[in-house]
Each structure stands twice: as C-alpha cells, then as structure tokens.
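Here is a short briefing to read alongside the model.

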Amino acid sequence: MSTHHHEHHHHAHAHTHTANKKVLRVSFIIIAAFMLLEAFGGWLTHSLALLSDAGHMFSDAFSLGVALWAFKLGEKETTLQKTFGYKRFEILTAMFNGLSLVVIAVLIFYEAVKRLLYPPEIATLGMLVISVVGLLVNIGVAVYMLKNSDTEANVNMRGAYLHVLSDLLGSVGAIAAAVLMMAFGWKWADPLASVFVAALVGRSGWSLLKQTLHILMEGAPENIHTDDLLAVIRNTDGVKSVHDLHVWTITSNINVLSCHIVVDGSMTVAESEQIAYRIEHELSHKNIGHCTIQIESEHHPHPDSVLCANETDSTHHHHH
C-alpha cells in the first residue's frame, strides 16, 4: 500500500555502515600482518598454542576480509531481480563466520588431544614473547572495533568481532601455557590452554550460527516483540482487526512488516490511507523500517487469524 521509507533511518544506517567498513579494513591489515609474524614464530618455536593462535589469526583475517566484502556487496544497487539488493549477503557471511568458528574449535581440540599424548619440545621464551605481542594486538583491535563500529546490532560486524575476541583468548591461553611450562616444566599446559580456547571459540561460533539461522528462517527480529506491534496496529483509530501478519529481518537493523488491516468499508481511499500512514509512523519508532499494509473492508475473503494459515486447499475461503 504505502512504501515510503523513513529517511532518517537510512542516514543513521549509512553512517554506521561507513564506520563499520573502515574499522574492518584497518583491523584486517593489522591482524593479517601479525598473523604472518606469528605463524613464523610458531614454526620456529614448535608451539601449538602459537601455531593454533596463528591459525586463529588467519581465520580472523579471513573472516574480517569476508565481512568487509559482504558490506561492499551489500552496497550494490537493488535491481528488479534482487529487490532487497545484496543486503542479505551480510547474513550469509556472518553465518559462514559462525560456522568457521565452530570448525576451528573442533580442529584445535583434536590437535590438543594429540599433543597431550605425544608432547613435543617447545621453545617457551620465544612463545611467551610472541603471544604477549599477539595479546596486545588483539586487545587493540577488539577495543577499536567496540568503540568505532556496530558490534552489537550488526550481525556481520559481530561475527568479525567474535573472531577477534576468540583470538584474544587464544593469546591469553598461549601466555598462560608458556609461563606454566617455564615455571614448572608442565608440557601439558600447552594443549590444555588450547582446549580451553577451543571451548570458548566454539561457544561464540555456535551462538552466532543460531542467530543467523533465525534470520535466514525469516524469524521475527530478536529485538522486537510481535505482541507490541500488534497492539500498536490494533489501537490505531479506525482499525477493526488485523490479520496475515509477517515480521522479518532482511539484514541487521533492517526489519520489515506486512499485514492486512480491516477498516470501515465506506471510507474513502484517502481516509484509509491516513490510517496506514499513522501505523507506519508508529511502527517506525518500534524498529520497523519498512511496512506494507493491505487495507480491506469487512467483506474480505481471508480467514481472521493474525498469522497466515498454511492451508494448501484454501478454495473454501473464497465462496462468498
């Protein structure tokens, strides 16, 4: 019915969007550079904690690169074939990031168990130095991301941030392991630290995966209560009832709602349109950036349930 967007949403979105991209670019360069250094160090010192950390750093740099690519692709114009543009790609990459975190966790765990059984020799001092530098790099990047980008609301950004965070934990693990091995000669500290990291990484990957799947399954946005939206629509003057409600997320911060409302059949089009605009205005305060509202009189042929009934044989509704 009415599809005018609320401009201020767009500007806010565009602003955080550029910030997100810049943050990703800078983080990507820092982490990729350090990853090379660390891989070299791990190879020289034979430390699993370091190598697995470098592996992390690689997956980190990779996931930051992919997240950046997703934002770039998301900017492509909408076309008639892709009416939402490429925004959805952000969700796909975030999901890919979640999945890769889970896979990394499994790999580290497997490698750690192998090392518990056959502990190798490790040059601990080199390991300590490099992992301390690694920790500082990661803390720097994580704080930078938190301060300057949208790690809370944007699921793509969040995926990138979780990778950096898991990395930071990896460095803490490597430091702890190095200190324990230097102090007590405990060889098992290295694989144990790795197992601890694997658990944390797996956990954040899993939660990201759940979140992105919910979006891809067209679930209602997490920060939105459908009951509230229904109440807003029902309480608008002139609305007799509402049915066929759908609420879903295109990509982070872009939520869409469609519904049918029933109004007095004797109204003019202009009058009924005002009701739709009022609803749209109210919903824009509730995080709904885009509404499609179908206006019907009391004689509409649809069933009166709020949600769409999944009836394959719907012919009997239409004998009026």
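Are α4 and α5 roughly parallel or roughly antiparallel to each other? They are roughly antiparallel, since their axes cross at roughly 155°, where over 145 degrees counts as roughly antiparallel, under 35 as roughly parallel, 65 to 115 as roughly perpendicular and the rest as oblique. Please keep in mind that this is a predicted model, in which local features need pLDDT of at least 70 and side-chain atom pairs count only at pLDDT 80 or more, while totals for chains, interfaces and linings use all residues. Residues are numbered from 1 along each chain as its sequence is written, and side-chain values use heavy atoms, with hydrogens and water left out.

**Overall layout**

- The protein chain has 8 helices and 3 strands, which are DSSP runs numbered from the N terminus (H or I with at least four residues for helices, E with at least two for strands).
- Along the sequence, the elements of the protein chain come in the pattern α-α-α-α-α-α-α-β-β-α-β.
- Of the 320 residues in the protein chain, 47% count as buried; buried means under 20% relative accessible area, exposed over 50%, and partly exposed in between, with a 1.4 Å probe and protein chains only.
- Among contacts in the protein chain with a separation of 6 or more, 75% join residues 24 or more positions apart, a contact being heavy atoms within 4.5 Å.

**Nonpolar cores**

- In soluble globular proteins, nonpolar side chains tend to be buried together.
- The largest nonpolar core here has 31 residues, and L24, I31 and M145 have the most contacts inside it; such a core is a set of buried Ala, Val, Leu, Ile, Met, Phe, Trp, Tyr and Cys residues joined through side-chain atoms within 4.5 Å.
- At least two residues of this core come from each of α1 (7-45), α2 (48-74), α4 (124-148), α5 (155-184) and α6 (189-216).
- With 10 residues, α5 gives the largest share of this core.
- Apart from this core lies another one of 21 residues, including I224, V232, I261 and I275.
- Not counting residues up to four places away in sequence, L24 touches L64, A67, L68, F71, M145, M157 and A160.

**Helix packing around α5**

- The axes of α4 and α5 come within 8 Å; axes are lines fitted to C-alpha atoms, for helices over the stretch in contact, and angles run from 0 to 180 degrees between N-to-C directions.
- The crossing of α4 and α5 is left-handed, meaning that the near helix is turned anticlockwise from the far one by less than a right angle (clockwise would be right-handed).
- By class, the contact of α4 with α5 has 24 nonpolar, 5 polar and 1 charged residues; Ala, Val, Leu, Ile, Met, Phe, Trp, Tyr, Cys and Pro count as nonpolar, Asp, Glu, Lys and Arg as charged, and the others, Gly among them, as polar.
- Helix α3 (residues 88-117) packs on α5 at an angle of about 20°, with the axes 8 Å apart, which makes α3 roughly parallel to α5.
- The crossing of α3 and α5 is left-handed.
- On the α3 side, the contact is made by E90, I91, T93, A94, N97, S100, L101 and I104, and on the α5 side by V155, N156, G159, A160, L162, H163 and S166.
- The contact of α3 with α5 has 7 nonpolar, 7 polar and 1 charged residues by class.

**The loop between α5 and α6**

- W186 is found in the loop between α5 and α6 and counts as partly exposed because its relative accessibility is 32%.
- Leaving aside its neighbours within four places in sequence, W186 is in contact with L180 and M181.
- K187 lies in the loop between α5 and α6 and, at 35% relative accessibility, counts as partly exposed.
- The C-alpha atoms of K187 and R115 are separated by 9.2 Å, although these residues are 72 residues apart along the chain.

**Single residues to look at**

- S272 sits in helix α8 (residues 269-284) and counts as buried because its relative accessibility is 6%.
- Not counting residues up to four places away in sequence, S272 touches V263, M267 and I295.
- D244, in strand β1 (residues 241-251), has a positive phi of about 55° although it is not a glycine.
- With a relative accessible area of 17%, D244 is buried.
- N287, in the loop between α8 and β3 (290-296), is a residue other than glycine with a positive phi near 75°.
- With a relative accessible area of 39%, N287 is partly exposed.
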